[in-house]
Amino acid sequence: MKHAAVIACVAAVCGLAQQPRIQNARLENRQVSGGLDATMTGILTAQTAPLWIGYAVPVIKGDRQMCCFNNGYACGCSLEGSNQNQVSTTNSGGTVRLEGPTHLVVLYRAEDHRVGKVRTFTPDCELDAGGLQFIWLNGVPPADSVKYLVPLAMQDGLRHGPLAAIAMHADPSADQALEQLTVASAPEKLRRDAAFWLGSARGRRGYEILGRMLRDDPSDKVREQAIFALTQSKETDAVTTIIHAAHDDKSPHVRGQALFWLAHKAGDKVAAAIQNAIENDPETEVKKRAVFALTQMPNGEGVPMLIQVARTNRNAVVRKQAVFWLGQSKDPRALTFLEEVLTTNRL
């Protein structure tokens with residue numbers, strides 16, 4: 001009996017430790033009973049005025065702070081007032097944190113018996129509820145949280161908040177949910193938004209789902225977004241996958257976008273992929289996009305290749321494009337080349 005009482009006490013203390021500081025609220029703590037869906041349904045059915053509902057679940061690893069900021073410092077968030085400009089940031093200075101946050105705070109604003117807004121914070125963000133009732137739920141299983149958020153993510157006017165919340169869950173059910181939201185039968189906008197979070201937050205599994213989207217999704221816009229999402233991924237294979245898209249995607253526009261994003265990554269593989277597109281892609285527009293990509297390479301790495309294209313490429317349009325971008329460059333190598341062209345009047 002004593003042992004059970006100690007466990008219950010510790011669980012309660014841990015739950016309270018993840019509850020953010022909430023002011024200007026009629027605060028009530030409740031234990032989830034019968035699952036999150038049943039608990040939320042009961043609250044929404046009984047509500048007579050707008051209110052906030054919140055809980056904490058484990059968050060993916062990372063040194064981040066999700067709050068409202070003023071001059072770079074977290075200043076707390078007014079849930080009902082003017083200071084609602086929420087930002088998620090990584091720690092880049094100031095106070096040194098030995099550990100990132102362990103939990104994510106998920107909030108729902110309910111009105112007229114339905115959820116109208118979903119917001120996410122880290123527990124260190126102070127919240128002002130604007131005088132509304134605030135029900136804090138203890139004991140929410142992460143998988144229940146994800147399951148409840150999925151239908152909300154499928155609502156057009158509500159999509160962004162639930163998707164961000166799902167992506168931050170440190171639970172395999174989040175990967176499964178985001179994959180479910182990227183199937184070809186899902187709305188295109190939903191697939192595009194889910195792709196971003198797969199790349200920026202879901203690690204290896206997110207990378208694998210994005211690879212499937214690049215191969216199979218029928219929408220050029222979705223595949224283009226999948227490429228951008230891969231640039232946000234920390235997986236080492238992501239660059240290789242973008243290179244394959246730059247070479248193999250059926251859409252010239254998507255191939256061009258892949259080249260553009262590749263250019264922001266340094267390395268011999270990237271340079272070779274861009275050069276290959278300039279030489280071998282069947283579409284002149286893709287070749288022109290590849291020439292532009294050379295201008296985006298870090299530290300002027302693309303300038304020697306631009307000069308080579310201007311000198312030797314068989315396509316006059318591509319040569320002209322290379323000369324144009326060299327003319328926009330302040331790189332001494334480009335200026336020397338252009339002076340040579342003007343002096344000799346030849347390419």
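User: Is R159 buried or exposed?
Analyst: R159 is buried, with a relative accessible area of 9%. Buried stands for under 20% relative accessible area, exposed for over 50% and partly exposed for in between, with a 1.4 Å probe and protein chains only. Keep in mind that this is a predicted model: local features need pLDDT of at least 70, side-chain atom pairs count only at pLDDT 80 or more, and totals for chains, interfaces and linings use all residues. Side-chain values use heavy atoms, with hydrogens and water left out, and residues are numbered from 1 along each chain as its sequence is written.

User: OK, and which side chain does R159 meet in a salt bridge?
Analyst: R159 meets D156, at 3.1 Å from N to O. A salt bridge here is a side-chain nitrogen of Lys or Arg within 4 Å of a carboxyl oxygen of Asp or Glu. D156 is exposed, at 62% relative accessibility.

User: How many salt bridges are there?
Analyst: The count comes to 19 salt bridges.

User: Where do K288 and E285 lie?
Analyst: Both are in helix α12, three residues apart, which is about one turn of the helix. Helices are DSSP runs (H or I, at least four residues), and strands are too (E, at least two), numbered from the N terminus. K288 and E285 form a salt bridge, with their closest N and O atoms 3.4 Å apart. K288 is partly exposed at 23%, whereas E285 is exposed at 53%.

User: What about E340 and R311, how far apart in sequence are the parts they tie together?
Analyst: Their side chains meet in a salt bridge of 3.1 Å, N to O. E340 sits in helix α15 (residues 332-344) and R311 in helix α13 (residues 303-312), so the pair ties together parts that are 29 residues apart in sequence. Both ends are partly exposed: E340 has 35% relative accessibility and R311 has 39%.

User: Which residues do salt bridges that share partners join into one network?
Analyst: That network takes in E179, R204, R205, E208, E235 and D237.

User: Switching to rings. How many aromatic pairs?
Analyst: Nine aromatic pairs. The rule takes rings of Phe, Tyr and Trp (its six-membered ring) with centres within 6.5 Å; planes under 30 degrees apart are stacked, over 60 edge-to-face and the rest tilted. F228 and W261 make a tilted pair, 4.9 Å centre to centre with 55° between the planes.

User: Which helices hold F228 and W261?
Analyst: F228 is in helix α8 (residues 220-231) and W261 in helix α10 (residues 252-262), so this pair ties together parts 33 residues apart in sequence. F228 is partly exposed at 22%, and W261 is partly exposed at 23%.

User: And what do F292 and W325 form?
Analyst: A tilted aromatic pair, with 4.9 Å centre to centre and 55° between the planes. F292 lies in helix α12 (residues 284-295) and W325 in helix α14 (residues 316-328), so the pair ties together parts 33 residues apart in sequence. F292 is buried at 17%, while W325 is partly exposed at 22%.

User: Which residues do ring pairs link into a cluster?
Analyst: F196, W197, F228, F260, W261, F292, F324 and W325.

User: Last one: what is T231 in contact with, leaving aside neighbours within four places in sequence?
Analyst: I242, W261 and K265, where contact means heavy atoms within 4.5 Å. T231 is in helix α8 and is buried, at 13% relative accessible area.
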